[in-house]
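Keep the structure in view while reading.

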Amino acid sequence: MEPPPPGLVSSREDISSLFPEQTPGAKHNDLGSRFSSVRKVRGDGNCFYRAFCFAHLESILPNARALQSFKDEIIKSGKDASSTGFDESSFQDHLNTLIDVVEQCQADEQEDTLLRLFNNPTTSDSVVQYLRLLASSYLQNHAEFFCNFVEAPSLKVYCKQEVETMAMECDHVDILALSQALDIGIHIVSMEGDEQRLAHHIIPEGAEPSLHLLYQTAHYDILYPRPHP
């Protein structure tokens, strides 16, 4: 099978593809010592959601039990979304798309299949839209906690304008909500800040992360750790 053309999610590339042509700085050297490769995700405002779902599915591809467990979790999440008051017609098609993606992964457990699905704009964007609705649902179902971290007239307004709307960059609270909604630990490596060292964030705190994302200039890509010696 031919690899898909460069699009929404790239093939794996050597970590050095992220380095500047001039001498890499201390952060780049640190990144290169910890991670061997990167998978680049299109910077269209949806990069976190797309990277999150692709990286998680890729991490469980060889594990039939984990794929089934994730599928069960997704089906259950649809019930949570309807309890938030979302009109079922607004999320059911997107939920079905994500279930179909997981089922195709179950059918052949091939990375090429995952790449093809995530580079199909209709399928890929539908998955992103469902994850946005799920994050919004979780935020609103746990409003007492999350309302303290949102700058908006109300949490509902924030969710409508910032979370559910495609191409809106995600905030820390959205990431926390999605990781808790699906019980998936995330390791975010940040290149931001003036310090010479990388910043590491585990979400939720204390979790065992199943995926690693690079954050720089308001954008997320997928990282692959070097094997431990």
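## Lys40 and its partner

The model shown here is predicted. Lys40 has a relative accessible area of 26%, so this residue is partly exposed. Its salt-bridge partner is Glu13, and the closest N and O atoms of the two are 3.0 Å apart. Glu13 sits in strand β1 (residues 9-14) and Lys40 in strand β2 (residues 35-41), so the bridge ties together parts that are 27 residues apart in sequence. Glu13 is also partly exposed, because its relative accessibility is 29%.

## A network with buried members

Eight salt bridges are found in the structure. Another of them joins Glu58 to Arg39, with 2.7 Å between the closest N and O atoms. Glu58 belongs to helix α2 and Arg39 to strand β2, so this pair ties together parts that are 19 residues apart in sequence.

Are Glu58 and Arg39 buried or exposed? Both are buried. The two residues are also part of a network of salt bridges that links Arg39, Glu58 and Glu111.

Asp80 and Lys76 form a salt bridge through their side chains, at 3.6 Å from N to O. The two lie four residues apart in helix α3 (residues 64-83), so about one helical turn separates them. Asp80 counts as partly exposed because its relative accessibility is 31%. Lys76, at 44% relative accessibility, counts as partly exposed too.

## Ser137 in helix α6

Asp80 is also in contact with Ser137. Ser137 is a residue of helix α6 (residues 121-141). Its relative accessibility is 1%, and residues under 20% count as buried, so Ser137 is buried.

Which residues does Ser137 contact, leaving aside its neighbours within four places in sequence? They are Asp80, Ala81, Thr84 and Phe86.

## The largest pocket

Rolling a probe the size of a water molecule over the atoms shows where empty space is left. The largest pocket holds about 230 Å³ of space. It is lined by 16 residues, and the closest to its centre are Cys170, His172, Ile175, Tyr215 and Tyr220. Two or more lining residues come from each of these elements: α2 (47-60), α9 (172-182), β3 (185-190), β4 (199-203) and β6 (219-225).

What classes of residue make up the lining of the largest pocket? Nine are nonpolar, five are polar and two are charged.

Definitions and conventions: Residues are numbered from 1 along each chain as its sequence is written. This is a predicted model: local features need pLDDT of at least 70, side-chain atom pairs count only at pLDDT 80 or more; totals for chains, interfaces and linings use all residues. Side-chain values use heavy atoms; hydrogens and water are left out. Buried means under 20% relative accessible area, exposed over 50%, partly exposed in between (1.4 Å probe, protein chains only). Contact means heavy atoms within 4.5 Å. On a 1 Å grid over the protein atoms alone, a cavity is a set of points where a 1.4 Å probe fits but cannot get out, and a pocket is an open set with protein on both sides within 12 Å along at least five of seven lines; lining residues have an atom within 4 Å of a point. Grid points are joined across faces, edges and corners, and a volume is the space filled by probe spheres set on the points. Ala, Val, Leu, Ile, Met, Phe, Trp, Tyr, Cys and Pro count as nonpolar, Asp, Glu, Lys and Arg as charged, and the others, Gly among them, as polar. A salt bridge is a side-chain nitrogen of Lys or Arg within 4 Å of a carboxyl oxygen of Asp or Glu.
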